Amino acid sequence: MTLSIIALCEKTGHFGIAAATAVPAVGKLLTHAAPRIGAVATQGLLNPYLGIDGIRLLEDGRSAEEVVKELSEADELAERRQFAVIDAQGQTAVWTGDGCKDWAGSISGNGFSVQGNRLTGRDVVDKSAKRFEDLQDMPLIEGLIEALAVGITDGGDRLGERSATIYIVAEEEYPLWDIRVDDHDNPIAELRRLQKVFAKDLLPHIKQMPSRDHPRGEPGDYDV
């Protein structure tokens, strides 16, 4: 039901997740990431605890492969789940249960992985992966959006897409980017529009917010 990408940006150390699906609000429960630790995308027959527990295992020093092995063995419905993990070293591992809806699978590259289920075919993940590789010199958010867009244009979810998300963590425990298109006729176009809005009107303020090293932050005129 979902196409997703997880990645570690070599230049910045930021972890990112992008996803799109036919159901509403894909960003609510799929995206899990922690700065300097790693990221998890959980999909298929959704189990949010695969993401929550996956991050905890990564914090304990497990590798992506070890996390996938431990979580898949502990989940009684693992055959219907799909989840991807990337660790602090940029190593990836993906679980795709035999009970996931066709087409289901993944492809991994240097510091990233693309995975999906109920897709129109393997070419969806192949083309998304190639597009992301071609754009790795671009900012992470742009590469994620464009790779997601290519996968959807070339098939995506067999039932189409209604929601999309981008989630990126930098140095802080709160996200640098958290864009959610919960229900839209063209979620990728809306994702691109919101990325421009956030870049102009929100991102500068996020960069001034309190950090662990500087608890006061740089107070500006952005109040919520």
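Here's a quick tour of the side-chain pairings in this structure. It's a predicted model, in which local features need pLDDT of at least 70, side-chain atom pairs count only at pLDDT 80 or more, and totals for chains, interfaces and linings use all residues. Residues are numbered from 1 along each chain as its sequence is written, and side-chain values use heavy atoms, with hydrogens and water left out.

**Salt bridges**

- The count comes to 13 salt bridges, each being a side-chain nitrogen of Lys or Arg within 4 Å of a carboxyl oxygen of Asp or Glu.
- One of them joins Asp 185 and Arg 162, at 2.5 Å from N to O.
- Asp 185 sits in the loop between strand 10 (177-181) and helix 5 (187-201), and Arg 162 in the loop between helix 4 (140-153) and strand 9 (163-169), so this pair ties together parts that are 23 residues apart in sequence. (Helices, H or I with at least four residues, and strands, E with at least two, are DSSP runs numbered from the N terminus.)
- Asp 185 is exposed at 65% relative accessible area, while Arg 162 is partly exposed at 28%. (Buried means under 20% relative accessible area, exposed over 50%, and partly exposed in between, with a 1.4 Å probe and protein chains only.)
- Arg 162 and Asp 185 also belong to a salt-bridge network with Asp 183.
- Over in helix 5, Glu 190 and Arg 193 are three residues apart, about one turn of the helix, and their salt bridge has its closest N and O atoms 2.9 Å apart.
- Glu 190 is buried at 16%, but Arg 193 is partly exposed at 43%.

**An aromatic pair**

- Searching the whole structure turns up one aromatic pair.
- That pair is Phe 112 with Phe 132, tilted, with 5.0 Å centre to centre and 55° between the planes. (Rings of Phe, Tyr and Trp, its six-membered ring, pair if their centres lie within 6.5 Å; planes under 30 degrees apart count as stacked, over 60 as edge-to-face and the rest as tilted.)
- Phe 112 is in strand 8 (residues 112-117) and Phe 132 in helix 3 (residues 123-134), so distant parts of the chain, 20 residues apart, are linked.
- Both Phe 112 and Phe 132 are buried.

**Asn 47 and the cysteines**

- Asn 47 lies in the loop between strand 4 (38-44) and helix 1 (48-59), and is buried at 17% relative accessibility.
- There are zero disulfides, meaning pairs of cysteine sulfur atoms within 2.5 Å.
- Cys 9 is buried at 10%, and Cys 100 is buried at 9%.
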